[in-house]
Amino acid sequence: MRLPFNTLDQRRLIDMAASTFAWWLKPISTTRTSKQEVEEPLSLATCLFHMPRLNCCIVAVTGFNTAINVDVVKEGLNQTVVKHPRISSKLVFDPKNPGRPIGWIRTKVDVNNHIIVPNLDYSNMDSPDEFVKDYVSNLAQTPMDLTKPLWEIHILNIKTKDANSIAVFRIHHSIGDGISIISLILSCTRKTSDPNAVPTLPTENKKLVNTRSSFSLWDYFLWLLFAFNMLWNTFIDVCMFLATIVFLKDTKTHLKGSSGTEKAPKKFVYRILSLDDIKLVKNIMNVTINDVVLGITQAGLSRYLNRKYCESKGDEGVQKNNLPKHICIRSSIPINVRPTSKLQDLAEQMETDDPNTKKWEWGNAIGHIFLPFHIALREDPLDYIRSAKATIGKKKHSLEAIVTYICAEIVLKFLGLGVAAAITYRVLSNTTLGFSNMVGPMEEISFYGHPITFLATSVSGHPHALTIHFQSYMDKMTLVIAVDQNVIPDPQQLCDDIAESLGLVKKAAQKKKIFKI
């Protein structure tokens, strides 16, 4: 459904399991006979993303330092991204059921049909920032043209407080998972300091590896303990997954949508936070950036919900604890179980015109994990970070994503697409929100010569009233919130609560550092 929860340890576990169960990872074709040739059948997730209640699009708002030269962008796209098979492919539909897609077929791409430059009078706008947010919100409700490749770029040469121009990428989720699509966009960029170099993404720290040829009894015991812990966590997670399908629902709160929320208009807002502040907390607490991001989100949601319950009671004591006990709030997070192409590989592959040299790793091969959010008012703001670290620690040692993916393939094979779609919708609608943290370049990059100031990614069309995405870039962390305004009428307040929570956590971490000294 959306951009995957990004942890390097989780990625490593999934890659090991994916290689073990490689025979399951080949997409099960749902293709019947067709008069039109199908070059590639649709995977399970691709089929699901075209179901009426799961019709999702990825939306990426990108800010630039300069005005956008449309002709330069078109020429750059012609030389690179349109050479990608999926970007230059359109859907093939079943002749017996014209509304049902069955595969992809290559077609000639005319970038003029994919670059949209609205004719607007920017000089008379009261608030360019609000205009951009409204434009993105309206765009998310507009159906995509299924007769051409499913992507488009909207160019707004309008100055906002964070950029001198804006480009809005809209790409149908059936083209690929979030990481693959963002990687494809980034592969079209270059470092501003070195126009020939692709962006650099943060990598995991190298850990010491035991190179001994023999192992002691203690080593074997630790290995067995690790394996048992992983199997036990996987068992618990899969049981929770099955319970969610059958009966388990999140608590009905001021954040949870109802049936039909996937078709409701979504409001998109974003806020740029300091990545340096997040790293400061990370280093003092000896945790990961994911731990800090999840922790401040838990704190922000707790502040927001406490205020809402206070208002519903007619009580003015916002500082008091108005939260009900035992609130269950979870996020259903898609995890891509297929290894993603590296930026350098994508860039090199798009520079050649020989299709035989391309080995594209693409598509949607998605499992799910459930991430619980602990909602409470805590005296020590750092408790939110400690709680997040414990939660993510368990998820790092679980094969929940790979098992749920295999189960989904089994359901599709033996029960059909309709049942698989119903189960997927039930799983998503029984949880409260979508959540992800995407890693971006560490240095300034340019998109066909246009320096980028910020990146903000999100998604639309899924049955959640609330979606929270974090996207890092240089020294910035962009917080993006998409809401159903019938459920959450004040998304900017939620943004403020999460931003203020980061400030409180940073202040508490600095006090802890001084106390240690």
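The structure holds 17 salt bridges, a salt bridge being a side-chain nitrogen of Lys or Arg within 4 Å of a carboxyl oxygen of Asp or Glu. Before we look at some of them, please keep in mind that this is a predicted model, in which local features need pLDDT of at least 70, side-chain atom pairs count only at pLDDT 80 or more, and totals for chains, interfaces and linings use all residues. Residues are numbered from 1 along each chain as its sequence is written, and side-chain values use heavy atoms, with hydrogens and water left out.

Let's start with D277, which forms a salt bridge with K506; their closest N and O atoms are 3.0 Å apart. This pair links distant parts of the chain, since D277 sits in helix α7 (residues 275-285) and K506 in helix α13 (residues 491-516), 229 residues apart. Helices here are DSSP runs of H or I with at least four residues, strands are runs of E with at least two, and both are numbered from the N terminus. How accessible are the two partners? D277 is partly exposed at 21% relative accessibility, and K506 is partly exposed as well, at 22%. For these labels, buried means under 20% relative accessible area, exposed means over 50%, and partly exposed lies in between (1.4 Å probe, protein chains only).

Helix α13 also carries D497, whose partner is R303. The closest N and O atoms of D497 and R303 are 3.9 Å apart. Because D497 lies in helix α13 and R303 in helix α8 (residues 289-313), the pair ties together parts that are 194 residues apart in sequence. D497 is buried, with a relative accessible area of 0%, whereas R303 is partly exposed at 26%.

R303 has a further salt bridge, with E500, and here the closest N and O atoms are 2.4 Å apart. E500 belongs to helix α13 and R303 to helix α8, so this contact ties together parts 197 residues apart in sequence. E500 is partly exposed, at 40% relative accessibility. Put together with R307, the residues R303, D497 and E500 are linked in a network of salt bridges.

Now for the sheet. Here 3 strands form an open, antiparallel sheet in the order β1-β4-β3. β1 (40-41) and β3 (89-94) stand at the edges with a single partner strand each, so one side of each is left without a neighbour in the sheet. Two strands pair if DSSP finds at least two bridges between them; β1 and β4 (residues 97-106) pair in the antiparallel sense over 2 bridges. Within this pairing, which residue of β4 stands opposite E40? That residue is W104.
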